[in-house]
Amino acid sequence: MGTKTVTKKSPDNKVLILGFPGNGLIGTFALSYIIQHLKMEIVGEINHPDLPPTVFVENGEVIGPIRIHKKDDLYAIISEIPIYSELSYDFTEAILAFCIKNKISKVIVPSGVDAQYTDKKDIKTYGLTTDPSLEKLMYENDVPKFITGTIIGTDAAIITSFRNKRIPLLVLYTSCHPFFPDPQASIHAVTTLAKILKIQVDTSEIQKRVDYLRIQHRNLMQETLDTLYPQEAQLPSKAPPIYR
Amino acid sequence: MTRDWFNVDNFDIPILQLGDDLEQKILRPLSCIKEHESKWVLEFDLPLVEKKDINVYINDDEMIVVEAKLREVYHDSKFTRHQYEHFKKSVSIPKNADVKKISARFTNGRLVITIPKIFQGTKIKIED
């Protein structure tokens with residue numbers, strides 16, 4: 001994958017937050033909120049010839065589905081399309097190259113883990129890190145350690161690659177419904193991420209829109225499930241994603 | 001420039017899902033099914049719905065049908081102003097289901113239908 005960035009010189013204490021569609025759409029919800037809240041500007045995009053051709057038009061301007069945003073020393077990479085498993089390592093390599101080029105000191109990835117809850121008080125965010133230095137960050141921010149589980153898809157590709165390259169990575173796994181968009185759990189993910197980044201957030205607006213967001217993002221959730229569980233997507237009874 | 005994911009009115013493209021019915025103002029909800037040792041658990045995501053406005057039944061084609069009325073009209077985009085008032089979806093009942101013992105509950109906008117399995121097969125005696 002090729003990246004196109006516009007960068008300015010700044011101290012080497014740069015943090016990258018990364019979010020893409022996965023369980024409960026936690027990563028995409030959380031990144032969207034932080035980008036919006038901090039008014040982070042677009043400084044680049046990530047493209048790949050095998051990605052489904054998609055662009056968004058915002059106030060008459062064309063923007064791609066995988067974008068790089070920046071504000072001060074904080075970078076954000078958000079994907080609004082699911083990353084197919086065949087592209088996971090290319091996507092990861094593009095992120096790695098970006099981190100090395102921009103001297104990113106740590107990467108934080110909000111994501112979701114299948115742990116269905118009946119009350120929002122039961123939602124928890126767990127941390128999984130590839131670097132001991134980030135365990136302190138987890139401890140300081142009351143993030144319990146992700147102890148046992150199996151991770152598949154792009155999350156697994158990112159964890160493996162960043163561990164091998166020794167770039168400090170912290171994945172924040174928030175308990176969520178894995179098969180439905182879960183903005184309620186995303187509020188917890190946003191709050192935890194904001195605490196770690198030491199920024200103030202007000203999630204009351206998301207709270208008001210939870211039901212609408214669940215309806216609005218049905219398509220993206222379905223497409224994400226089709227990429228995570230492709231054998232089910234190949235069943236002849238299902239229509240191609242373009243008709244969803 | 002940023003994209004406001006959290007403002008429904010800012011979405012410029014109507015999100016049509018397979019099975020959504022513009023004329024009848026019907027949305028097709030997401031659903032999933034999980035198999036357990038003794039049962040199937042079928043779940044529907046029904047935001048903007050009250051328990052009293054849900055209708056669940058088995059039709060003549062042996063399918064579970066879920067219908068629900070939204071508590072307010074849902075608009076999918078500021079340009080099209082498509083309006084939706086209901087959810088509706090039909091799902092096939094698994095083959096080994098104990099249809100008479102199907103139960104349902106509704107929590108946090110999610111309808112969970114439990115479909116117990118009927119034991120099928122021949123019991124094999126363990127000899128001394």
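This is a predicted model: local features need pLDDT of at least 70, side-chain atom pairs count only at pLDDT 80 or more; totals for chains, interfaces and linings use all residues.

Colleague: Which residues of helix H3 of chain A are buried, and why are they on the same side?

Modeller: The general idea comes first. An α-helix has 3.6 residues a turn, so residues three or four places apart point the same way. In H3 of chain A, residues 133-140, the buried residues are A:Leu134, A:Leu137 and A:Met138. They lie on the same side of H3(A) because they cover an arc of only 100° around the axis. On the other side of H3(A), the exposed residues are A:Lys136 and A:Tyr139.

Colleague: What covers the buried residues of H3(A)?

Modeller: The cover includes strands E8 (104-114), E9 (125-129) and E10 (169-176), together with helix H5 (183-197), of chain A. Just after H3(A), A:Asp142 has a positive phi of about 55°.

Colleague: How many residues has the largest nonpolar core, and which have the most contacts inside it?

Modeller: The largest nonpolar core has 42 residues, and A:Ile17 and A:Ile108 have the most contacts inside it. Among the elements of chain A that each supply at least two residues of this core are H3, E10, H5 and strand E2 (14-19). H1(A) gives the most, with 8 residues.

Colleague: Which residues does A:Ile17 contact, leaving aside its neighbours within four places in sequence?

Modeller: With those neighbours left aside, the contacts of A:Ile17 include A:Leu31, A:Ile34, A:Ile77, A:Ile108 and A:Leu193. Apart from the largest core lies another core, of 31 residues, including A:Ile66, A:Ile68, A:Phe91 and A:Val113.

Notes
Residues are numbered from 1 along each chain as its sequence is written. Chains are lettered from A and ligands numbered from 1 in the order in which they are written. Side-chain values use heavy atoms; hydrogens and water are left out. Buried means under 20% relative accessible area, exposed over 50%, partly exposed in between (1.4 Å probe, protein chains only). Helices (H or I, at least four residues) and strands (E, at least two) are DSSP runs, numbered from the N terminus. The arc is that of the directions from the helix axis to the C-beta atoms. Contact means heavy atoms within 4.5 Å. A nonpolar core is a set of buried Ala, Val, Leu, Ile, Met, Phe, Trp, Tyr and Cys residues joined through side-chain atoms within 4.5 Å.
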